[in-house]
Amino acid sequence: MKFLDHLEEWFITFLMGGATLIVFVAVLHRYAAGFAIPGVQDWLLTINMTWAQELTIIMFVWMAKFGAAYGVRTGIHVGVDVLINRLSDANRGKFIIFGLAAGAVFTGIVAYLGSHFVWENGAHYGLYKLFGLPIDDLIEGPTTPDLEWPTWMVYSAIPLGTSLMCFRFLQVLVGFIRTGELPHHDHGHVDGLDEEAAAKDINPYAMKDNLHPADKQDNAGGQK
């Protein structure tokens with residue numbers, strides 16, 4: 001599972017960073033092309049960046065679908081659990097199991113319907129053509145306006161991302177049944193930074209800086 005976890009994180013990071021970089025380059029190109037710089041303006045106008053907006057939208061859609069699965073695994077989704085936490089441990093566990101199972105069923109249904117839609121929207125044609133199978137009665141499917149990619153490739157984010165989300169619901173469900181614990185995300189923690197406990201023998205009044213309060217006796221002595 002560690003490999004799948006890292007692959008999920010790398011993929012989301014790539015989509016987020018790539019989309020941000022593309023938007024930055026597209027905006028920079030748009031404004032730079034507006035300056036009448038001899039030679040440079042003509043060269044910039046020859047660069048076609050109309051595809052940038054469409055590609056970033058696609059990347060953000062994929063990032064959102066796989067990010068939702070990541071959220072289930074790490075417990076960062078917002079949940080209203082005021083009433084659940086007031087129940088007894090036995091009843092609370094039953095409601096949590098029901099909620100996780102309902103999430104798995106719902107995402108499983110969406111993944112199935114999304115797979116059927118993608119298959120009928122051109123994936124059937126694309127795979128048959130790739131493997132040299134007869135495609136006489138199959139529909140090629142539409143393409144995107146700017147990139148002219150088959151739309152079934154874009155819509156594949158629904159079955160793939162939702163299937164992973166369904167798997168994460170089942171993974172959390174099994175983990176809760178075994179241990180009684182749910183994934184919990186500490187919003188104050190920054191990944192990659194080790195948390196070090198502050199030393200207990202440090203006297204903040206003895207620090208000679210402007211960030212800590214000074215000892216009243218020192219202040220009194222200083223005033224003298």
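**A buried arginine, a nonpolar core and a helix pair**

In this predicted model, R168 touches L4, D5, E8, A69, V72 and R73, leaving aside residues up to four places away in sequence; contact here means heavy atoms within 4.5 Å. R168 lies in helix α7, helices being DSSP runs of H or I with at least four residues, numbered from the N terminus. R168 is buried, its relative accessible area being 0% (buried means under 20%, with a 1.4 Å probe and protein chains only).

Next comes the core. Nonpolar side chains tend to be buried together in soluble globular proteins. The largest nonpolar core here has 29 residues, and M59, W62, L100, M165 and F169 have the most contacts inside it. Such a core is a set of buried Ala, Val, Leu, Ile, Met, Phe, Trp, Tyr and Cys residues joined through side-chain atoms within 4.5 Å. At least two of its residues come from each of α1 (2-32), α3 (51-74), α5 (89-130) and α7 (157-179), with α3 giving the largest share, ten residues. As for W62, its contacts include F11, L15, M153 and L160, again not counting residues up to four places away in sequence.

Then there is the pairing of α5 with α7. Their axes (lines fitted to C-alpha atoms over the stretch in contact, with angles from 0 to 180 degrees between N-to-C directions) are 8 Å apart, at an angle of about 160°. The two helices are therefore roughly antiparallel, a label for angles over 145 degrees.

Residues are numbered from 1 along each chain as its sequence is written. Local features need pLDDT of at least 70, side-chain atom pairs count only at pLDDT 80 or more, totals for chains, interfaces and linings use all residues, and side-chain values use heavy atoms, leaving out hydrogens and water.

How values were computed
Buried < 20%, exposed > 50% of the residue type's maximum accessible area, 1.4 Å probe, protein only. Parallel < 35°, antiparallel > 145°, perpendicular 65-115°, else oblique.
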